[in-house]
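Hi,

Here is the model I said I'd pass on. Have a look at it first, then read my notes below.

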Amino acid sequence: MPSSVTRIGEFSFGECDQLNDFEIKEDSKLIHIGRGAFYKSFIPKIEIPSQLQFLGKQAFCSCFNLESIKLPNNPNFRIIEDGTFHHCSKLNHVDFRNDSKIEIFGGDSFSYTKIKKITIPSSVT
């Protein structure tokens, strides 16, 4: 994806069952991933760029091949919305950076995953 993209809209890559690789460059200007943007896509991992401020409801819901995610350390990224990673049945690794500013996990945000261990950032209330 070009670094200049700032927004991925609702269901942009939803049900793209052939999408098995998606790279967001380190210098990405991406600040918004909309609701269901990758719903039922087949990406195996995702590293969310540090500039991201909004990750919509069900953004990665039912991504059955998603095994790992790395979330940003951005003071403006504070909420994991409802169902964001719901039913990612292979998801076993979530990386919150030590100084993560996440405050809220929405309902079903990690339900029906294979996460074995997770360290909740101290910022969560």
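Which residues touch the most other members of the largest nonpolar core? Among its 28 residues, they are Ile33, Phe38, Phe60, Leu66 and Phe85. A nonpolar core here is a set of buried Ala, Val, Leu, Ile, Met, Phe, Trp, Tyr and Cys residues joined through side-chain atoms within 4.5 Å. Buried means under 20% relative accessible area, exposed means over 50%, and partly exposed is in between, with a 1.4 Å probe and protein chains only.

Before you go further, this is a predicted model: local features need pLDDT of at least 70, side-chain atom pairs count only at pLDDT 80 or more, and totals for chains, interfaces and linings use all residues. Residues are numbered from 1 along each chain as its sequence is written, and side-chain values use heavy atoms, with hydrogens and water left out.

Phe85 touches Leu55, Phe60, Leu66, Ile69, Leu71, Ile80, Leu91, Ser109, Phe110, Ser111 and Thr113, not counting residues up to four places away in sequence. Contact means heavy atoms within 4.5 Å.

Now the aromatics. Rings of Phe, Tyr and Trp (its six-membered ring) pair if their centres lie within 6.5 Å; planes under 30 degrees apart count as stacked, over 60 as edge-to-face and the rest as tilted. That rule gives nine aromatic pairs. Phe13 and Phe38 make a stacked one, at 5.3 Å centre to centre and 15° between the planes. This pair links distant parts of the chain, 25 residues apart: Phe13 sits in the loop between β1 and β2, and Phe38 in the loop between β2 and β3 (45-47). Strands are DSSP runs (E, at least two residues), numbered from the N terminus. Phe38 is buried at 0% relative accessible area, whereas Phe13 counts as partly exposed at 25%. Both belong to one aromatic cluster, together with Phe22, Phe60, Phe85, Phe96, Phe105 and Phe110.

A few loop residues are worth a click:

- Ser28 is in the loop between β1 (7-8) and β2 (32-33). Its relative accessible area is 1%, so it is buried. Leaving aside neighbours within four places in sequence, Ser28 contacts Met1, Ser3, Val5, Pro49 and Gln51.
- Asn74 lies in the loop between β5 (68-70) and β6 (79-80) and is buried at 7% relative accessibility. Beyond neighbours within four places in sequence, Asn74 is in contact with Ser50, Gln51, Leu52, Gln53 and Lys101. Asn74 and Asp99 are 25 residues apart in sequence and 9.1 Å apart in space, C-alpha to C-alpha.
- Arg35, in the loop between β2 and β3, is partly exposed at 38%.
- Glu15 has a phi near 60°, a positive value in a residue other than glycine; Glu15 is exposed at 53% relative accessible area.

Finally, the largest pocket has a volume of about 310 Å³. Its lining comprises 15 residues, of which Ile24, Lys25, Glu26, Glu47 and Ile48 lie nearest the centre. A pocket is an open set of points on a 1 Å grid over the protein atoms alone, where a 1.4 Å probe fits, with protein on both sides within 12 Å along at least five of seven lines; lining residues have an atom within 4 Å of a point. The volume is the space filled by probe spheres set on the points, which are joined across faces, edges and corners.

Cheers

Definitions and conventions
Helix = DSSP H or I, 4+ residues; strand = E, 2+ residues; numbered from the N terminus.
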